[in-house]
Amino acid sequence: MNVYRRILYICGQIGMMVLARFFFTWILGFGDTTPAHAGPETVTGSDVSIPLFTLFSGAAIGAALIGFRIFDGITDPLAGILSDLWVRRGRQRRSLLWFSTVVPPVGLALCFAPTHAMDPGTRWFLLVAGMFLFFVGYTFYGIPYWSLIEDYGGDNANERRLLSNLLGAGLVIATAIAGLVSPLLVESYGYAKAALAFAIPAGVLMLLPYFAAPKGFQSSASAVQKRRISLFVTLIDAFHHRRFVSVLVMFSGSQMSFTIMTAASVFIAGDLLGGTEADVARIMGPFLATAIPAFVLVPRFSRMLGWENAILVASLALGLVYAASAGLGESWIGGRWMTASIVFALAGPMAAVLLGLEGEAITACARERGAADCVGIYFGVFNFIVKALNGLAIWIVGWLLDLSKIPEYGTAAIRAMSLTAGGLLAVCVFIYFIIRPHREDTEIAS
């Protein structure tokens, strides 16, 4: 693949993750909004006056997210099976992108459509319908898209490594766009218009990976297979694959911590540092400034240590940095904003390693089991676990947000978000050491 095709490939990740970062960054803050005036509000079309209210409670949104993430996670292995079955029947996996590109943007727009003028039933209907479309569309786009690492990279290990790294870089670039631009749009135009401003261009970007296929690319189903593994057997085998499960545990820790810190950044900037929503950029900016350049070195780091050791080192280091962020608000180095900038900047390179190696690790595990033609299932299982746990992560943030409004807890609950993120990484690394196989048990295919 040339540079132009790689740029087309990364556009899909940028588009999809821009939607995801916007959603996870703002959904709790959106639910916590109150009417601009302090008096009672009259429901449109009714003579009944009701008192001041928020759109949704943080705990209620968190609970809804857990339910949807579990439901959505269940569909991930199904999406993997359908993706691999599509290829086995002689079709190109990339053609599946045309069926799912529009769905997540529409879901995002619906999630942020509720207003205080609506009755509670209408608000919840829009939110629930939006979450359904957003998460299901995310699944049926993401699994085929990520699986293109195997289709486009084939037997070229270096190409697969580069494509995996592009997925991580795309996520961080999307985080930069959402973190730097969305606060300004939300503050100037409100949540609904800001969501639309992200949804429309993201949908266009999500179409571009279809055109990233290498010159002369044909469906991987056209390759002669000496042995075809049953798709359902592969699904069950993935849950018994010790190396895959052990690595999945570490990625679960990194994904949950990243989700917590992304959602918590709004409250860290406001409650601990005394800023506004627009000031989120002042702490996310340094993180992105170190993370994005670090992706250039991730493939070299992977070749030097091996992808598994690289994940382990990055997880431990990132856990320490996230735990240290619980002390933000203090002036350790310069002022409190300078201290926060340095702490977030330290997290950037480790996050780049973890995000950049996900695709490489998953495809390597599939090849270790001789299941290169079933890589969609491995991505489906990965998403199934990670999505459910990310729903739990958002619920934790929502619960701590509600707790922070109680005077005796206050900012201690906000600091607990950072401690939770760091603690999850440490716990998952500990579990990894318990369940990982010995090096001599299996051999990673190149």
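Hi everyone, let's start inside: the structure holds five cavities of 30 Å³ or more. A cavity here is a set of points, on a 1 Å grid over the protein atoms alone, where a 1.4 Å probe fits but cannot get out, and lining residues have an atom within 4 Å of a point. Grid points are joined across faces, edges and corners, and a volume is the space filled by probe spheres set on the points. Why roll a probe at all? Rolling a probe the size of a water molecule over the atoms shows where empty space is left.

Before we go on, please remember that this is a predicted model, where local features need pLDDT of at least 70, side-chain atom pairs count only at pLDDT 80 or more, and totals for chains, interfaces and linings use all residues. Residues are numbered from 1 along each chain as its sequence is written, and side-chain values use heavy atoms, with hydrogens and water left out.

Now, the largest cavity has a volume of about 260 Å³. Its lining has 23 residues, and M17, Y138, W146, Q255 and E358 lie nearest the centre. Two or more lining residues come from each of α1, α5 (120-153), α6, α13 and α14 (375-404). Which element gives the most? That is α14, with six residues. By class, this lining has 12 nonpolar, seven polar and four charged residues. Nonpolar covers Ala, Val, Leu, Ile, Met, Phe, Trp, Tyr, Cys and Pro; charged covers Asp, Glu, Lys and Arg; the others, Gly among them, are polar.

The second largest cavity has a volume of about 70 Å³. Among the residues lining it are R21, W26, T175, P183, T262 and M284. Here α6 provides the largest share of the lining, four residues. By class, the lining divides into five nonpolar, five polar and one charged.

Let's zoom out for a moment. The protein chain has 15 helices and two strands; these are DSSP runs, helices being H or I with at least four residues and strands E with at least two, numbered from the N terminus. Of its 446 residues, 58% count as buried, meaning under 20% relative accessible area, while exposed means over 50% and partly exposed is in between (1.4 Å probe, protein chains only).

Next, helix α7, residues 191-205. Its 15 residues should span 21 Å at 1.5 Å a residue, and the end C-alpha atoms are 21 Å apart, which agrees. The expected span is 1.5 Å times one less than the number of residues. Which residues of α7 are buried? They are Y191, A194, A195, F198, A199, A202 and G203. These cover an arc of only 150 degrees around the axis, so they sit on the same side of α7; the arc is that of the directions from the helix axis to the C-beta atoms. An α-helix has 3.6 residues a turn, so residues three or four places apart point the same way. On the other side of α7, K193 and I200 are exposed. The cover over the buried residues of α7 includes α1 (3-31), α4 (103-111) and α6 (157-189).

Last stop: helix α11, residues 298-305, where V298, P299 and S302 are buried. Their arc is only 100 degrees, which puts them on the same side of α11. Facing away from that buried side are the exposed residues R300 and M304. Just after α11, G306 takes a positive phi of about 90 degrees.

Note on methods. Contact = heavy atoms within 4.5 Å. 1 Å grid on protein atoms, 1.4 Å probe; cavity = no way out; pocket = protein on both sides within 12 Å on 5 of 7 lines; lining within 4 Å.
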